[in-house]
Each structure stands twice: as structure tokens, then as C-alpha cells.
Amino acid sequence: MEKILDILLENGCEIDKDYYLQEVKNYRSKEEVKRKIEDYIDTFIKTNTCEIKDVSVALVLEEDTYFYGNHKTTLYDLASITKLFTLKAIYELEKENKIEFTNPIHTYLMEFEGLGNYTIWDAIKMTGRIETDGKLSDTKDYATFTKVLETVQLKESKNKANYTDIEFIILGKVIEKVTGKNLKDYFKENIFFKQDMKNTCFMPSHDFILKGNGNTLYLPHDFKTRVAHGVTGAAGLFSNVEDLSLFARRLWEGKVFDKDFIQEIYDYTFVDTSNRNRSLAGLYKKTKEYRSYIPREFSDFSLGHQGFTGSVFVVDLKLHMAQILLFDAIPNESKNKNPDFISNFYEFRDKITKYLILFYLLSAKDSC
């Protein structure tokens, strides 16, 4: 067990070795850890102060996965985690020689000529600051949404990156133009089907219960995306922990991005307004000095994304573990989460991460 903990520490996991050496003695099997997790989550749902009535969790390891929640019948609004799948689509189109990262966006969509030499790669990296004349979230219909989007211009030098939705809304438009298909169909046929993600989709049917979207309209929470008929490259996807756990496995197996592209993600960093390290598509990277959506117990080879709705997806590509937390965090007819959400989230996340490490240690012990 001590050797396993040393491996975690060598890979940048910030853990208390003595704590885990002692704590792991309290569990005879992974099943006991699973029961403890379930008890904790049940208690959290009953006692949290931020109105969360529903949560779905996946703790994913090489040899085992723990699920909590109604992941068979319920889908959660992923919000900005959608960008990870848009990145996958753009990556595949580049591999198929259907786009060039170095081409300006107006090469594919003349209506964005106002962006000048702003390239596909610039959009992926979120370089510069691009803005529209007026807020997309203030538009009332799709025609106005499109008109406002086409006013986009580069407002600041490409020397600094800024996290916004606009780049990936535009990249979604590029995908549709190049493939001749709408995003809903293209993602279903070329990403979700190939990754065996059977329930991840834009605009889910009424066969599912939807959570985290703050409405009963079967539309995403993000209003820009609602106006765009529920589908953009920046938000709009719904999924469950089962599908996302499969995608996490595909990531560490190298079946989503090749090694060179993963290296591009690791090599590129920009710091957001909360002093967190981010990369392509706004993916989170390990940030040691500040709280981040990637737990400190994960290695330096971890990536993640987070949605405004309370969805969090984190995968450790070196240690082959993932943590997926999907909250029903936005009450119906509300624009925002409860003010207590963040403090409750970190309390929950930190506790679940400790159980994940115990789960990892017991799994490694079993395989020895």
C-alpha cells in the first residue's frame, strides 16, 4: 500500500500519505467503501443548504466503477462540458483533412469575415477577446441570435486568452458547414455512436427525466442555446454518468485524442479570471495554488470540464481514474444556482474524492 501511495505522490497527487495508510485499514473491501459513499450522499441530499434534491455520481477506475443515482432514466444538462465534444468533432474533421486549424474562420463561413485572420486554432485556444455587438443571451429569436453572432470581432490581441462561449458557438457553425449536417445529427452519428454513448444527445426525448436545466420545457438552461433551438457547440448536451464514464475510459485509452493532441492540451495553458489553469476548449488543468474543479488528489496529468448547471467531469489520464458529479443545482424557473452551492459543492467534492482514493487503493491492492 505504501508503494502505491508513493506512486500517487510521484505523479503530483497532493495526498496525506499517513492519513490514507491509516484510513484504508478501516475497510476490508471496495464494497464497504461503496456503502460508505452511498450513506454520505444520502445524508448530503437531506442536509445540504443549497436546495440540491438530486445528484448522480460515477467513480471510475480501470477495473471497477461505482454509480450513484438514477442514471438509467435521468439526463443532466452538461452546459459547457459540451465544448469537450465540440473539440472532439473539430479534431476529427482536421484528421480527415476537412478543415485546417491554421485557416481563418471566414475560410469556411464568410459571414464571419469581421474576425479577419482569427483562425480555427485561435478559437480552440480561446485566444484574444472576441465580442459581438450586443449580448447573444438578450436575443429573443434565432434570426436575431444569428444576426448578432455575425457581428463578432476581435477586440483584443491574441496574446491573451479569455474563456467565453462565442468561440465554440462559432466552431459549431463551422462543423455544420463543413459536414452539411446539424450538430445534433453529426454528434450522434460521429461521436456518441462511435463511443457507445447511447443516451448523450441534444434535445432529449420525453422518455427521460431532465435535471439541472432549470425548466420543464426540455430545453437546456443556457438561454443562448435555447434561442438556438437547444443546440450549439458551447452548450446544450444532456447525458448521464454511465455515458460519461465510458467517455472517460476512452480518453485514457487514447481513443478520443491521440498522444500528440493530448500533449498539445498539456502544453497549452491560460489562466482564467479565477486564477485557474485552463487549456484548449477551456479544459481545466491541475491548479495547485487555487481551488479548481480538478481535485488536488488527482495527478498532474488530469483534465476536466465544468458546466454552470453543476456538472463536473474530471479524468486522470495517467492513473486511469475519473470522477463525474452531476447535480440538479438550478431550481425550475431560476437563472442561477443557490448562493450556497459552491461551498456545498466543494465540501461534497472533497469528501467524494477521499472515497475515490480509498477505492483506488483497495482496487490496486486487489490486483497485486
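Figure 1. The model is predicted: local features need pLDDT of at least 70, side-chain atom pairs count only at pLDDT 80 or more, and totals for chains, interfaces and linings use all residues. Residues are numbered from 1 along each chain as its sequence is written, and side-chain values use heavy atoms, with hydrogens and water left out. Beyond its neighbours within four places in sequence, Lys83 is in contact (heavy atoms within 4.5 Å) with Met126, Tyr163, Thr164, Asp165, Phe168, Gly233, Ala234, Ala281 and His305. Lys83 sits in helix α4, residues 82–95. Helices (H or I, at least four residues) and strands (E, at least two) are DSSP runs, numbered from the N terminus. Lys83 has a relative accessible area of 0%, so it is buried. Buried means under 20% relative accessible area, exposed over 50%, and partly exposed in between (1.4 Å probe, protein chains only). Its side chain makes a polar contact of 2.7 Å with the side chain of Asp165. The side chain of Lys83 also reaches the backbone oxygen of Ala234 at 3.3 Å. A polar contact is a pair of N or O atoms within 3.5 Å; within protein, one must be able to donate a hydrogen and the other to accept it, and residues adjacent in sequence count only if both atoms are side-chain atoms.

**Figure 2. The buried side of helix α8.** Helix α8 spans residues 183–192, and Leu183, Tyr186, Phe187, Ile191 and Phe192 are buried in it. These residues cover an arc of only 145° around the axis, so they lie on the same side of α8. The arc is that of the directions from the helix axis to the C-beta atoms. The buried residues of α8 pack against α4, α7 (166–179), β6 (201–202) and β8 (237–239).

**Figure 3. Two nonpolar cores.** A nonpolar core is a set of buried Ala, Val, Leu, Ile, Met, Phe, Trp, Tyr and Cys residues joined through side-chain atoms within 4.5 Å. The largest has 75 residues; Phe85, Ile120, Phe187, Phe257 and Phe313 have the most contacts inside it. A second, separate core has 46 residues, including Leu5, Val57, Leu319 and Phe359.

**Figure 4. Aromatic pairs.** The whole structure holds 26 aromatic pairs. Rings of Phe, Tyr and Trp (its six-membered ring) pair if their centres lie within 6.5 Å; planes under 30 degrees apart count as stacked, over 60 as edge-to-face and the rest as tilted. Phe187 and Phe202 form a tilted pair, with ring centres 5.5 Å apart and planes at 55°. Phe187 lies in helix α8 and Phe202 in strand β6, so the pair ties together parts 15 residues apart in sequence. Both Phe187 and Phe202 are buried. Phe327 and Phe345 pair edge-to-face, at 5.9 Å centre to centre and 75° between the planes. Phe327 is buried at 1% relative accessible area, and Phe345 is buried at 1% relative accessibility.

**Figure 5. Asp42 and its polar contact.** Asp42 is found in helix α3, residues 30–47. Asp42 is partly exposed, with a relative accessible area of 27%. Its side chain makes a polar contact of 2.5 Å with the side chain of Tyr68. The C-alpha atoms of Asp42 and Val55 are 9.6 Å apart.
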